[in-house]
Amino acid sequence: MTLYGSDIRAAGGDLDPSFALVAEGACVGQALAHRLQTPEGGLFYDPEYESVDLREYLNAGFDGPEVYQLRAKIERALRADERVDDLDLDLRFDDKTETLMVVADGYGAEGPFRLVAVASAELVAVMEAR
């Protein structure tokens, strides 16, 4: 039986000062959020780690082909986590706030999980991870 595991909660791009833990679906959601804010090839100790830094794409201009390519990169990075069996992905770009929202509803061996992350020029914020 595969467990989703636990990890130290990350808040605002840094570790929770009280070292509170996240577990199960929230742990998967947090791990997936890390994949959305790590530059491609950004882990020197793990060159095979699939990731995409959403902040790099905010000024790229979004039309059909670019959205499709970014969606494919995001999906590949999220599916690279061994705990992800299936995944539905939704992207929303807000021109007024210049933010990109990623909503990932997934399923793994331990059941469903959900990730909602919003990327701005400064950071990728996890709005929901369960």
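## Report on a predicted single-chain model

Buried residues make up 38% of the 130 residues in the chain, where buried means under 20% relative accessible area, exposed means over 50%, and partly exposed lies in between (1.4 Å probe, protein chains only). This is a predicted model, in which local features need pLDDT of at least 70, side-chain atom pairs count only at pLDDT 80 or more, and totals for chains, interfaces and linings use all residues. Residues are numbered from 1 along each chain as its sequence is written, and side-chain values use heavy atoms, with hydrogens and water left out.

The chain has two helices and eight strands. Helices (H or I, at least four residues) and strands (E, at least two) are DSSP runs, numbered from the N terminus. Read from the N terminus, the order of elements is β-β-β-β-α-α-β-β-β-β. The chain exposes about 7,600 Å², and carbon and sulfur atoms supply 50% of this area; accessible areas come from the Shrake-Rupley method with a 1.4 Å probe, and for residues only the protein chains shown count as cover. Among contacts (heavy atoms within 4.5 Å) between residues at least 6 apart in sequence, 35% join residues at least 24 apart.

Two strands pair if DSSP finds at least two bridges between them.

| Pair | Sense | Bridges | Residues in the hairpin between the strands |
|---|---|---|---|
| β5 and β6 | antiparallel | nine bridges | four residues |
| β6 and β7 | antiparallel | nine bridges | two residues |
| β7 and β8 | antiparallel | five bridges | four residues |

Individual partners can be named for each pair. D94 has T99 in β6 as its bridge partner, M101 is bridged to V118 in β7, and V116 stands opposite E128 in β8. In the turn between β5 and β6, E98 has a positive phi of about 50°. Because seven of the ten residues of β6 are buried, this strand is largely enclosed by the rest of the structure. β7 is mostly covered, with seven of its nine residues buried.

**The nonpolar core**

A nonpolar core is a set of buried Ala, Val, Leu, Ile, Met, Phe, Trp, Tyr and Cys residues joined through side-chain atoms within 4.5 Å. The largest one holds 24 residues, and L36, L54, I74 and L78 touch the most other members. Two or more residues come from each of α1 (24-35), α2 (64-79), β5 (86-94), β6 (99-108) and β7 (111-119). Leaving aside neighbours within four places in sequence, L78 is in contact with L32, R35, L36, V84, L87, L89 and A104. In soluble globular proteins, nonpolar side chains tend to be buried together.

**The aromatic pair**

Rings of Phe, Tyr and Trp (its six-membered ring) pair if their centres lie within 6.5 Å; planes under 30 degrees apart count as stacked, over 60 as edge-to-face and the rest as tilted. A search of the whole structure finds one aromatic pair. This pair is formed by F44 and Y45, which are edge-to-face, with 5.3 Å centre to centre and 90° between the planes. Both F44 and Y45 are exposed.
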